[in-house]
Amino acid sequence: MRLPFALLLGPIILSVPLHAEELQLSVISRSTTHADLWKAAEVAFQRAGINAVVREVSPERSAVLANEGTTDGDVGRSSGLEKNYPNLVQVPEPIYQYAPTAFSYKRFDVTGGWESLRSHTVCIRRGLRQTDQRTKDLARQVLADEATMLRMLAAGGCDVAVMERNNALARAAMTADPPLQRLLPPMEIMPLYIYLHKSHAALVPKVAAALKQMRADGTMHKLLGEGE
């Protein structure tokens, strides 16, 4: 049973936000995983006493907009983003432990991680930096979103699609006929972070503390299925 949103905010939520200015944070569009991450981010910012709203943009643009200050930050990005976008500051507590996982209509051994995919054609989503780097030497199709990836996979255009292990679209396909197979273990476990524009660097400790509290009190598990 999902708890009422107000109960997820926890005991430190204040009736008047500490930070009156509203922050606009970019989140990757057309991604069920990042839509869920925003739910967790929203609770974290509320607990930290910060007004925050979401702006969905393409993965290619989300970090660019945050770096140039058009948005105030970027939610759900892998470590090292600040190397290419120096105006961004990482909130050091992860928002999620992302687990890129192979989905296929046939079973094969994936215990070798990314190397297990070398003899297969792989579908990945465009704009996901780490997944792009991990598969750059593989035969692959780079597609716009997870829905397109699943259609390509079902049509035989690729052998395997790499998505987050709890992706809602993939889980729905696992109940269809024929059922999509989730091949475990994941390729790796990859922490994802919130990044804020450096003009908001003073807010980083408050957001990190809120995320840590949410992990300790079980809110991350309730919202994101963390630990499953």
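In which sense do strand 6 and strand 9 pair, and over how many bridges? I found that strand 6 (residues 100–104) and strand 9 pair in the antiparallel sense, over four bridges.

Ground rules, before I go on. This is a predicted model, where local features need pLDDT of at least 70 and side-chain atom pairs count only at pLDDT 80 or more, while totals for chains, interfaces and linings use all residues. I number residues from 1 along each chain as its sequence is written, and side-chain values use heavy atoms, with hydrogens and water left out.

Entry: My helices (H or I, at least four residues) and strands (E, at least two) are DSSP runs, numbered from the N terminus. Two strands pair if DSSP finds at least two bridges between them. Next I checked burial, where buried means under 20% relative accessible area, exposed over 50%, and partly exposed in between (1.4 Å probe, protein chains only). Strand 9 (residues 160–164) is largely enclosed by the rest of the structure, because five of its five residues are buried.

**Entry: Glu-188.** I located Glu-188 in the loop between strand 10 (181–183) and strand 11 (190–197). Is Glu-188 buried or exposed? Its relative accessibility is 19%, so Glu-188 counts as buried. Its side chain makes a polar contact with the side chain of Arg-134, at 2.7 Å. For a polar contact I take a pair of N or O atoms within 3.5 Å; within protein, one must be able to donate a hydrogen and the other to accept it, and residues adjacent in sequence count only if both atoms are side-chain atoms. Contact in general means heavy atoms within 4.5 Å. Leaving aside neighbours within four places in sequence, I list Tyr-98, Ala-99, Pro-100, Trp-114 and Arg-134 as the contacts of Glu-188.

**Entry: helix 3.** In helix 3 (residues 59–68), I noted Pro-59, Ser-62, Ala-63, Leu-65, Ala-66 and Asn-67 as the buried residues.

**Entry: Ala-147.** I found Ala-147 in helix 6 (residues 146–154). Ala-147 is partly exposed, with a relative accessible area of 30%. I also looked up its C-alpha separation from Val-75, 72 residues apart along the chain, and got 21 Å.
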